[in-house]
Amino acid sequence: MAAEDTDVIPLLTPYKMGEFALSHRIVLAPLTRDRSYNNVPQPHAALYYSQRATKGGLLITEATGVSDTAQGYPDTPGIWTKEHVEAWKPIVDAVHQKGGVFFVQLWHVGRVSTHDYQPGGKAPLSSTDKGLTPGLYGVEWSPPRQLAIDEIRGIVNDFRLAARNAIEAGFDGVEIHGANGYLIEQFMKDQVNDRTDEYGGSLENRCRFALEVAEAITDEIGVKRVGMRLSPYSDFNEAGDSDPDGLGLYMANALSKLDLVYLHVIEPRAVGSTVIEGCAEDQLLPMRKAFKNTFIAAGGFNRTTGSAAVAGDGADLVAFGRLFLANPDLPTRYRLDAPLNKYDRNTFYIPDPVVGYTDYPFLQEA
């Protein structure tokens, strides 16, 4: 170890996540990049992810659709067909060649979609018939259709099959996307879910779908390969809840009983892409204490606050999004306390296979 490495910051200490031996606590957060043309992962993704891979480092893919009804954004990847599985394999291999641990995030957007993204131009699916405010984010959202109970079971099965496909593609595990106002959260949050059947009303009923998805996936691929992401304090995509403390604690306890390998939670101070300064950072502690396995925190962290979270036992691991996007060698830069590249928000979601994607310089190139 070089002289400058002797005083290791908490983010760079080893950690055992279930059966995975991690060399540091810095996680690549799931980041939508809109570069999987026609929902098929592309060869340029192999370079993008392998650039950010380190031996014993955990990477989580961009959100990946579980079915042809799961899409709501241009050129996001899928994992529901054989073509998708085969396209993911070289991407996974590229990360594994660098010694990285690679989880795929499974999602269904629910009502955060339009007729254009739905098979046959049909209505998007949700827990509710209530749509997003027209014009929100500049999009004219199509009114959704409330799922019938038998259809809910079908979507649970879509998640199960997608998890099976993920393992076939070579992924080390899957993260269930239960955050940011997408389908699973549309069931959990009482400001969206207005159902009167067994999937609505009480907290237990609203969380039923999320837990059925988790159970189906763990039954299919094993608990050691499954994590889940939650954002109880967010109202992103108009999905708020009247009791986020109660929701978060209930889910942390339930997922702990299921023995998921990790729970990944977005800080209450992170609202969409905005970090609210001065917001209490200890609101996640009850969830942290309730969940017995690995706890990952996300939301506007930097080198100092991420290390403080780990040192203060607020999290085992810390997920970084925009900073990792712009700094493919983020762990090295944090080890050396080196300057960081600035991210360019204008290139986050463009379809270019290089610009704003694989062209951010490494430290030795800067």
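This is a predicted model: local features need pLDDT of at least 70, side-chain atom pairs count only at pLDDT 80 or more; totals for chains, interfaces and linings use all residues.
A crossing of two helices is right-handed if the near helix is turned clockwise from the far one by less than a right angle. That term comes back for each helix pair described below.

H6 and H7 pack with their axes 11 Å apart, at an angle of about 20°. Because angles under 35 degrees count as roughly parallel, H6 is roughly parallel to H7. H6 passes H7 in a right-handed crossing. On the H6 side, the contact is made by Ala210, Leu211, Ala214 and Glu215, which meet Tyr250, Met251, Ala254, Leu255 and Leu258 in H7. Sorted by class, this contact has eight nonpolar residues, no polar ones and one charged residue.

H6 (residues 208-221) also packs against H3; here the two axes come within 9 Å and cross at roughly 35°. H3 passes H6 in a crossing that is again right-handed. From H3, the residues involved are Ile152, Ile155, Val156, Phe159, Arg160, Ala163, Arg164 and Ile167, and their partners in H6 are Phe209, Glu212, Val213, Ala216, Ile217, Glu220 and Ile221. The contact of H3 with H6 divides into eleven nonpolar, no polar and four charged residues.

H3 (residues 149-169) has a further partner in H2 (residues 82-97), with the axes 8 Å apart and an angle of about 40° between them. H2 and H3 are therefore oblique to each other. The handedness is right-handed for H2 passing H3 as well. In this pair, Lys82, Val85, Trp88, Lys89 and Val92 of H2 meet Asn165, Glu168 and Ala169 of H3. The residues of this contact comprise four nonpolar, one polar and three charged.

Stepping back to the whole fold, the chain holds eleven helices and 14 strands. The C-alpha trace spans about 65 × 40 × 40 Å along its principal axes. A compact globule of 366 residues would have a radius of gyration near 21 Å, and the 19 Å of the chain agrees with that. Of the 366 residues, 57% are buried. Among contacts with a separation of 6 or more, 73% come from residues 24 or more positions apart.

Asp75 is a residue other than glycine with a positive phi, near 55°. Asp75 sits in the loop between strand S4 (58-65) and H2, and is partly exposed, with a relative accessible area of 23%. Asn237 is not a glycine either, yet has a positive phi of about 55°. Asn237 belongs to the loop between strand S9 (226-230) and helix H7 (244-258), where its relative accessible area of 1% makes it buried.

Ser142 is another loop residue, placed between strand S6 (125-126) and strand S7 (145-146). With a relative accessible area of 7%, Ser142 is buried. Setting aside neighbours within four places in sequence, the contacts of Ser142 are Ser113, Thr114, His115 and Pro124. Gly57, by contrast, lies 85 residues from Ser142 along the chain, and the C-alpha atoms of the two are separated by 40 Å.

Phe320 is found in a strand, S14 (residues 317-320). At 2% relative accessibility, Phe320 counts as buried. Its surroundings, leaving aside neighbours within four places in sequence, are Leu11, Ile26, Val27, Leu28, Ala29, Phe301, Asn302, Leu330 and Tyr334, with which Phe320 is in contact. Leu136 lies 184 residues from Phe320 along the chain, with 26 Å between the two C-alpha atoms.

Terms used: Residues are numbered from 1 along each chain as its sequence is written. Side-chain values use heavy atoms; hydrogens and water are left out. Axes are lines fitted to C-alpha atoms, for helices over the stretch in contact, and angles run from 0 to 180 degrees between N-to-C directions. Helices (H or I, at least four residues) and strands (E, at least two) are DSSP runs, numbered from the N terminus. Angles under 35 degrees count as roughly parallel, over 145 as roughly antiparallel, 65 to 115 as roughly perpendicular and the rest as oblique. Contact means heavy atoms within 4.5 Å. Ala, Val, Leu, Ile, Met, Phe, Trp, Tyr, Cys and Pro count as nonpolar, Asp, Glu, Lys and Arg as charged, and the others, Gly among them, as polar. The radius of gyration is taken over C-alpha atoms; the globule rule is 2.2 Å times the number of residues to the power 0.38. Buried means under 20% relative accessible area, exposed over 50%, partly exposed in between (1.4 Å probe, protein chains only).
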